[in-house]
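The sequence and the structure are shown first.

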Amino acid sequence: MSRLEAKKPSCCKSEPLTSERVRATLSVLKGVLTSCYGPAGRLKQLHNGLGGSVRTTSQSAALLTDLPVTHPILKILTTSVQNHVSCFSDSGLFTAILCCNLVENVQRIGLTPTTVIKLNKHLLSLCTSYLKSEVCGCRIPVDFSHTQILLCLVRSIVTSKPACMLTAKEIDHVSVLILRAFLLTIPENAQDHVILGKSIIVPLKGQRVIDSTVLPGILIEISEVQLIKILPIKKSDSFKVALFCVSLSGDLSDTGEGTVVVSYRVSLENAVLDQLLNLGRQLVSDHVDLVLCQKVIHPSLKQLLRTHHVIAVDRVGAALMEPLSKVTGTRPIGSLGSISPSSYGSVKDLHTAKCGFKHFFHLIPNEATVCSLLLCSRNDTAWDELQLTCQTALHILQLTIKEPCVLLGGGCTETHLAAYIRHKTHNKPESILRDDGCTQTELQLVTEAFCSALESLAGSLEHDGGEILTDGKYGHVWSVQADSPSVVNWPDLLSRCGCGLYSSQEELGWSFLRSTRHPFTPQTCLPREAAGSADSLTLDCFAAKLSGLQVAVETANLILDLSYVIEDKN
């Protein structure tokens, strides 16, 4: 006991945001995240100094998981963003950068945290009410009878992940496959309450991205030796299926805890094998055509089944058990006893497929709400990033079914929203001042900090030293290359705004993003033909971005409200 260290007292620090070290650390984190933002974002390599795998990414889901942070304020920020990403899969960088911008901007104006938090909540309420309203000028409704908007949404997600290392042709190909895979999960006779199927991503590394494809049903990877034993597959109207989640290898690893009592001169191995063979005979007598096992099937049982023309596929794995049960309509069998007829299922057809150097057993269901996305990529690093991107896009499409609308991307929603908030607080400040009990000066200071945070976020999309402009009609963002002349006729340099919705053919009164300008009323209510006017819009998920906006403001308010940080040093 004498060698144990004495317990150290906890460390208590007041007003943590006044510390230069904390501010510098927050600034560094913001710089790392900002440099990753958007299609032209710079990549980051994450690796352990002691060795191990190296990950190249620009996605918040990967960055925040592998980026070690120690200060409590940074932990609050990263945890909030990770929780948001776990629910919505997208807009993680948007949320984190906006939160950092808000905290930094508010520190410069010198108001009390109570006043700032109160006004931030009111401005957030203005934002959410406007984004949800029918007159919102940056929201487009989604018509599921046409795929153009959905395809633009998927293409925007794929384009924003530069670590996938895709060409323009590959981006288009992958985007179409993701949308096709999603549409295959929607039941044909969908009613008011839609139960979506599942898209299974099957890895195929070392192949061209353009070789990726989508197939209805499930692909089970098998060896060439297994394939030879399975062929030929007899033709039938349907195939009866048995699905086992218990090992059929004859070992005793699945017997659970307890004591196994064995009679004298009884061979345990032979007894288990006899039970397996009896099980096989029942499967044959029940006219089962296909036996699938999560684990291993004993060679003798395989031989018995093969003799009676029953296909046996083992080592399916736990990941495929749920989709296999859904596709075949089976109930996974977890014992070696007698099988209930209700446990069996069926599939419409069975095929074999070869993609690249891999062989697959292809199950085609009676009703295809499960599909397989064969995802090819040139190397492991790019495939990992592409897989995460596909999962994100599929989840975003599911969220869009719940809330069938999208927001304009490319920074246009942020600058449009900033223009709207400035206009509202400048023209109708009375209601805010009356409800929150603050002065007009305080309102203008917080509004400018809030709107500047949104505009800085839009400016973060530029990584090559170019200039960012906004127009005086729509409040959209426009980008100019770094080497452009200082005095110029803007329509000659500008083509389309950040989201691609508007062109520079009309005089829109452009000005630099961070320049001082009088508040104006941005045009609301998108015209009906606006959504179909551009072949390639840049779009964002409505649900993910709205949640990201709320999380960013609420997390910034929480950080600003911290008076003490108490750390246990033991």
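The sections below describe a predicted model, taking strands, a helix and charged side chains in turn.

Strand 2 covers residues 44–47, and lysine 44 belongs to it. Lysine 44 is buried but takes part in no salt bridge. The nearest side chain of opposite charge is that of glutamate 385, at 11 Å. Because a salt bridge requires the nitrogen and the carboxyl oxygen to be within 4 Å, this distance leaves lysine 44 without such a partner. Its side chain does make a polar contact of 2.8 Å with the side chain of serine 35. Apart from neighbours within four places in sequence, the residues in contact with lysine 44 include Val32, Cys36, Arg55 and Leu63.

Histidine 47 also lies in strand 2. This residue counts as exposed, because its relative accessibility is 53% and the cut-off for exposed is over 50%. With neighbours within four places in sequence set aside, histidine 47 is in contact with Ser53 and Val54. The C-alpha atom of histidine 47 is 9.6 Å from that of leucine 67, a residue 20 places away along the chain.

An open sheet is formed by three strands in the order 17-16-18, with antiparallel pairing. Its edge strands are strand 17 (477–480) and strand 18 (511–512), each of which pairs on one side only. Strand 16, residues 467–470, is joined to strand 18 by two bridges, and the two run antiparallel. In this pairing, threonine 470 stands opposite serine 511 of strand 18.

Strand 15 (residues 405–408) is paired with strand 4 (residues 139–141) through three bridges in the antiparallel sense. Here proline 141 faces cysteine 405 of strand 15. Strand 15 also pairs with strand 19 (residues 539–541), again antiparallel and over three bridges. In that pairing, the bridge partner of leucine 407 is aspartate 540 in strand 19. Strands of a sheet pair through backbone hydrogen bonds, either parallel or antiparallel.

Helix 10 spans residues 299–307, and its buried residues are Leu301, Lys302, Leu304 and Leu305. They lie on the same side of helix 10, because the arc they cover around the axis is only 160°. Just after helix 10, histidine 309 adopts a positive phi of about 60°.

Arginine 281 is located in helix 9. With a relative accessibility of 47%, arginine 281 counts as partly exposed. Arginine 281 and histidine 308 are 27 residues apart in sequence, and their C-alpha atoms are 9.4 Å apart in space.

## Salt bridges

The model has a count of 15 salt bridges. One of them joins the side chains of arginine 139 and glutamate 134, with an N to O distance of 3.5 Å. Arginine 139 counts as buried, at 17% relative accessibility, whereas glutamate 134 is exposed, with a relative accessible area of 71%.

Lysine 302, one of the buried residues of helix 10, forms a salt bridge with aspartate 314, and the closest N and O atoms are 3.1 Å apart. This pair links distant parts of the chain: lysine 302 is in helix 10, while aspartate 314 is in the loop between strand 10 and helix 11 (321–328), 12 residues apart. Lysine 302 counts as buried because its relative accessible area of 19% falls under the 20% cut-off. Aspartate 314 is buried as well, with a relative accessible area of 6%.

A further salt bridge is formed by the side chains of arginine 422 and glutamate 455, at 2.8 Å from N to O. The two residues lie 33 residues apart and link distant parts of the chain, with arginine 422 in helix 13 (residues 412–427) and glutamate 455 in helix 15 (residues 440–459). Both arginine 422 and glutamate 455 are buried.

Key
Residues are numbered from 1 along each chain as its sequence is written. This is a predicted model: local features need pLDDT of at least 70, side-chain atom pairs count only at pLDDT 80 or more; totals for chains, interfaces and linings use all residues. Side-chain values use heavy atoms; hydrogens and water are left out. Helices (H or I, at least four residues) and strands (E, at least two) are DSSP runs, numbered from the N terminus. Buried means under 20% relative accessible area, exposed over 50%, partly exposed in between (1.4 Å probe, protein chains only). Lys and Arg count as positive and Asp and Glu as negative; His and the chain ends are not counted. A polar contact is a pair of N or O atoms within 3.5 Å; within protein, one must be able to donate a hydrogen and the other to accept it, and residues adjacent in sequence count only if both atoms are side-chain atoms. Contact means heavy atoms within 4.5 Å. Two strands pair if DSSP finds at least two bridges between them. The arc is that of the directions from the helix axis to the C-beta atoms.
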